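Subject: Structure handover

Hi,

Here is the structure to go with your sequence. My notes follow below it.

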Amino acid sequence: MQRIPEPLKNLVDQLARLPGFGPKSAMRAAMTLLKWPETEVRRLGKGVYELRDTLHLCSRCGGLSDSDPCPICADKERDESELCLVAEWDSMLTMEEGNFYRGYYMILGGLLAPLDHSPAEMLEMERLRSRLAEGRVKELILALGATAEAEATATYVKDQVNARFPDVRVTRLAQGIPLGAEVKYMDRETLRQSLRYRQAL
């Protein structure tokens, strides 16, 4: 059997580390790149190379942006009394695409996984506490999904917020989110209904 050239093997190994890629799909992607015009491949490589230099985390919400604050946090027309807490940036994008929520967001940075013993320290709780300490947020909306990890995280966040900020109402997405689902995979109407009919914890 012919040995795979080292540069190709290195690329395949790197691509295989991406979500949704295995060794075979990584090889297909690498072979596709070899068929692209050289200018396209170089442009893709430049985009990947510059990604870390041009993007950073918004100091307000923790989302990826090329400006600080991000456009959402810089929008003075939004309702500062509502703060929607999501696990990851892609969940915020999904919520925002629906164009039915006009408050602000905060990214928690993940979910607690009790079985994996993931520590609460990995969550962006200090950023959340600082935001709530400003005194403008009246309602914290937990848009974390309906998985066991989301439930554990929601309970933890609710307890933390209730202990330090008893005047902040803690709600969660309700109607429409099926058990075991994640926010980032929901359609817009399901998200709209869930947000509209949220309930207190």
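On helix H6, the face turned away from the buried side carries two exposed residues, Glu126 and Ala133. Exposed means over 50% relative accessible area, buried under 20%, and partly exposed in between (1.4 Å probe, protein chains only). Helices (H or I, at least four residues) and strands (E, at least two) are DSSP runs, numbered from the N terminus.

Before you read on: this is a predicted model, where local features need pLDDT of at least 70, side-chain atom pairs count only at pLDDT 80 or more, and totals for chains, interfaces and linings use all residues. Residues are numbered from 1 along each chain as its sequence is written, and side-chain values use heavy atoms, with hydrogens and water left out.

Back to H6, which covers residues 125–133. Its buried residues are Met125, Leu128, Arg129, Arg131 and Leu132. Seen down the helix axis, they fall within an arc of 165°, so they line one face of H6. The arc is that of the directions from the helix axis to the C-beta atoms. In general, an α-helix has 3.6 residues a turn, so residues three or four places apart point the same way.

What do the buried residues of H6 pack against? Strands E3 (79–86), E4 (103–107) and E5 (139–143), plus helix H7 (148–164). Contact here means heavy atoms within 4.5 Å. After H6 comes Gly135, with a positive phi near 85°.

Next, helix H8, residues 188–196. Ser194 sits in this helix. Ser194 counts as buried because its relative accessibility is 0%. A polar atom of its side chain lies 2.8 Å from the backbone oxygen of Thr190.

Leu195 is also in H8. Is Leu195 buried or exposed? It is buried, with a relative accessible area of 6%. Not counting residues up to four places away in sequence, Leu195 touches Met95, Phe100, Tyr101, Ile141 and Leu173.

Finally, the whole chain. It has 8 helices and 7 strands. Of its 201 residues, 37% count as buried. The C-alpha trace spans about 65 × 40 × 35 Å along its principal axes. Among contacts between residues at least 6 apart in sequence, 56% join residues at least 24 apart.

Best wishes

Definitions and conventions: A polar contact is a pair of N or O atoms within 3.5 Å; within protein, one must be able to donate a hydrogen and the other to accept it, and residues adjacent in sequence count only if both atoms are side-chain atoms.
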